[in-house]
Amino acid sequence: MSTATSTETKELAPVRTESLAALLVARERPQRPSSLSTSLTFGWRAMLKIKHVPEQLFDVTAFPIMNLLMFTYLFGGALAGSPTDYIQFVLPGILVMSVVMITMYTGVSVNIDIEKGVFDRFRSLPIWRPSAMVGYLLGDALRYTIASVIMLSVGLLLGYRADGGFPGVVAGIALLLLFSFAFSWIWTMFGLLLRTEKSVMSVSMMVIFPLTFLSNVFVDPRTMPGWLQAFVNNSPVTHLASAVRGLMAGDWPAADIMWTLGWSALFVLVFGPVTMRLYNRK
């Protein structure tokens, strides 16, 4: 009896396997997620990191406020006659400097995930390849927005007044966020290229510090030597600071806006493909 049952089971096994295979083939597969949905998902993941590690907001809160107070009250009287007059010039510049400086943390986050092996899982998913990179940048855009709001709030308390009103402020912040999104592709490249997060931070600071301080963030370039003016006047940070400053003041600095958009496009077109090539090979 047991022998007959065993024989029947063996005969039915291929039939059951074929039926199960036919059922799996007939069933509709779920649609592949779109590039937009996967990018937003990775962006949400980046925001959840801020929720679980709120200390990450220190660099977008305390650091910008410290810079604004220090430069306004230490140098305002010497550079503009009074801190009240100087803050009208320096606040948009420090806003630009603070946001541009924190873009380097995008590369640091990428490097940390690589060291933890998280990227091995990302690469095995059936998703649009660049969505992981874009998600990092979208998540960090929230940090840039928080830094901008905090800086403007403190500036209003210190006496800053935007003659461009709410539309000018929104336009200035939007341009700053666009530039920061494009600029962050440089640091994602470094995050993939360098071995440790400390190396990413060191290289990033070596690039960002000269770029932000050798600009019109703090002073008018016309007071500088001619050879230095040639560099400062053609710096992407100078164009960005002038554009943001002009928009918040109620002007329309078309040349600086176009230069900023051009720099942003250049960063994405050059460093975006390089970053993705490194990501695919990592």
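## Overall fold

Reading along the sequence, you get α-α-α-α-α-α-α-α-α-α-α-α: the protein has twelve helices and zero strands. Helices here are DSSP runs of H or I with at least four residues, strands are runs of E with at least two, and both are numbered from the N terminus. This is a predicted model, where local features need pLDDT of at least 70, side-chain atom pairs count only at pLDDT 80 or more, and totals for chains, interfaces and linings use all residues. Residues are numbered from 1 along each chain as its sequence is written, and side-chain values use heavy atoms, with hydrogens and water left out.

Of the 282 residues, 41% are buried (under 20% relative accessible area; exposed is over 50% and partly exposed is in between, with a 1.4 Å probe and protein chains only). Take the contacts (heavy atoms within 4.5 Å) between residues at least 6 apart in sequence: 79% of them join residues at least 24 apart.

## Cores

The largest nonpolar core has 47 residues, and Val96, Phe183, Phe218, Leu240 and Met248 have the most contacts inside it. Two or more residues each come from H3, H4, H7 (131-158), H8 (165-193), H9 (197-213), H11 and H12, with H4 giving the largest share, twelve residues. Apart from this core lies another, of 15 residues, including Val110, Phe122, Met133 and Tyr136. A core here is a set of buried Ala, Val, Leu, Ile, Met, Phe, Trp, Tyr and Cys residues joined through side-chain atoms within 4.5 Å.

Over in H4 (residues 83-102) sits Ser98, which is buried at 1% relative accessible area. Not counting residues up to four places away, Ser98 touches Pro64, Asn67 and Met151.

## Helix H11

H11 covers residues 236-248, and its end C-alpha atoms are 18 Å apart, in agreement with the 18 Å that its 13 residues should span at 1.5 Å a residue (the expected span is 1.5 Å times one less than the number of residues). 13 of the 13 residues are buried, so H11 is largely enclosed by the rest of the structure. Just after H11, Gly250 takes a positive phi of about 95°.

## Salt bridges

Three salt bridges turn up in the whole structure, each a side-chain nitrogen of Lys or Arg within 4 Å of a carboxyl oxygen of Asp or Glu. Arg45 pairs with Asp113, with the closest N and O atoms 3.1 Å apart. Arg45 is in H2 (residues 35-52) and Asp113 in H5 (residues 104-116), so the pair ties together parts 68 residues apart in sequence. Arg45 is partly exposed at 24%, whereas Asp113 is buried at 3%.

Arg143 is buried at 4% relative accessibility, and Asp140 is buried at 7%. The remaining pair is Asp220 with Arg222, at 2.7 Å between the closest N and O atoms; Asp220 is partly exposed at 28% and Arg222 is exposed at 69%.
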